[in-house]
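Hello,

Here is the structure I promised to pass on. My notes follow below it.

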Amino acid sequence: MDCIFCKIVNGEIPSYKFYENDKIIAFLDINPDCDGHTLIIPKKHFTDLDDIDIDTLKCINESAKEIKKILEKKLGCAGMSLIQNNGSVQEIKHYHLHIKPYYKNKKSIEMIKYPEFINDPKDIYDKLKSSK
Ligand code: AMP
Ligand code: ZN
C-alpha cells in the first residue's frame with residue numbers, strides 16, 4: 001500500500017520519531033502548527049476512527065498521557081490540544097492523533113497566524129532527545 005505513514009513506520013522515509021512501543025510510534029509533524037506538534041500513529045495501518053480497533057485506540061491514548069509529560073518537561077508547554085481528523089478534513093488516510101502544545105506567551109493560534117515564530121522541527125527534536 002502506498003501510505004506515507006506506513007513508510008515512516010517501516011523506516012523507508014525519515015521522521016523525527018521520539019517515542020515508540022510495540023503498537024505505536026510518535027514523531028514531530030513536518031509542517032507544525034506549533035512547537036512540539038506531534039503525531040501518534042499505530043504501526044498497523046488503520047484508516048480512521050471507523051476502522052481502528054479499541055485496543056489500539058487505548059494504546060494511542062495511553063501513549064498520549066506519556067507524551068504529554070515528555071512535552072511538558074522538555075518544552076515547558078502550558079497546555080495542549082488533542083485532535084484527530086476524519087473524512088474530508090483528513091489529509092493522510094492512516095489514523096493519527098495530533099498533539100498540539102500551547103505556550104504561556106506563544107499560543108498555538110498565534111503561531112498559526114505568525115508561522116515565522118515556529119521553530120524548525122529538527123531543533124525541537126534535539127530538545128526532546130536531550131538528557132536535560
Ligand atoms: P491530517 O489533516 O490530520 O491528515 O494531517 C496530516 C498531517 O501530517 C499534517 O499536519 C502534515 O503536516 C503531516 N505530515 C505529512 N507528511 C508528513 C511527514 N512525512 N512527516 C511528518 N508529518 C507529516
Ligand atoms: Zn498506512
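How are helix 2 and helix 4 oriented to each other? This is a predicted model, in which local features need pLDDT of at least 70, side-chain atom pairs count only at pLDDT 80 or more, and totals for chains, interfaces and linings use all residues. Residues are numbered from 1 along each chain as its sequence is written, and side-chain values use heavy atoms, without hydrogens and water.

To the question, then: helix 2 and helix 4 are roughly perpendicular to each other (angles of 65 to 115 degrees count as such). Helix 2 (residues 54-75) packs on helix 4 (residues 121-129) at about 100°, and their axes are 9 Å apart. From helix 2, Ile70, Leu71, Lys74 and Leu75 meet Ile124, Lys127 and Leu128 of helix 4 (contact means heavy atoms within 4.5 Å). By class, this contact of helix 2 with helix 4 has five nonpolar, two charged and no polar residues.

Now the rings. There are two aromatic pairs (ring centres within 6.5 Å; planes under 30 degrees apart count as stacked, over 60 as edge-to-face, the rest as tilted). Phenylalanine 5 and phenylalanine 27 pair edge-to-face, at 5.5 Å centre to centre with 80° between the planes. Phenylalanine 5 is in helix 1 (residues 4-9) and phenylalanine 27 in strand 2 (residues 24-28), so their pair ties together parts 22 residues apart in sequence. Tyrosine 16 and tyrosine 125 form a tilted pair, with ring centres 5.3 Å apart and planes at 45°. Tyrosine 16 lies in the loop between helix 1 and strand 1 (17-20) and tyrosine 125 in helix 4, so this pair links parts 109 residues apart in sequence.

Best wishes

Conventions
Chains are lettered from A and ligands numbered from 1 in the order in which they are written. Axes are lines fitted to C-alpha atoms, for helices over the stretch in contact, and angles run from 0 to 180 degrees between N-to-C directions. Helices (H or I, at least four residues) and strands (E, at least two) are DSSP runs, numbered from the N terminus. Angles under 35 degrees count as roughly parallel, over 145 as roughly antiparallel, 65 to 115 as roughly perpendicular and the rest as oblique. Ala, Val, Leu, Ile, Met, Phe, Trp, Tyr, Cys and Pro count as nonpolar, Asp, Glu, Lys and Arg as charged, and the others, Gly among them, as polar. Rings of Phe, Tyr and Trp (its six-membered ring) pair if their centres lie within 6.5 Å; planes under 30 degrees apart count as stacked, over 60 as edge-to-face and the rest as tilted.
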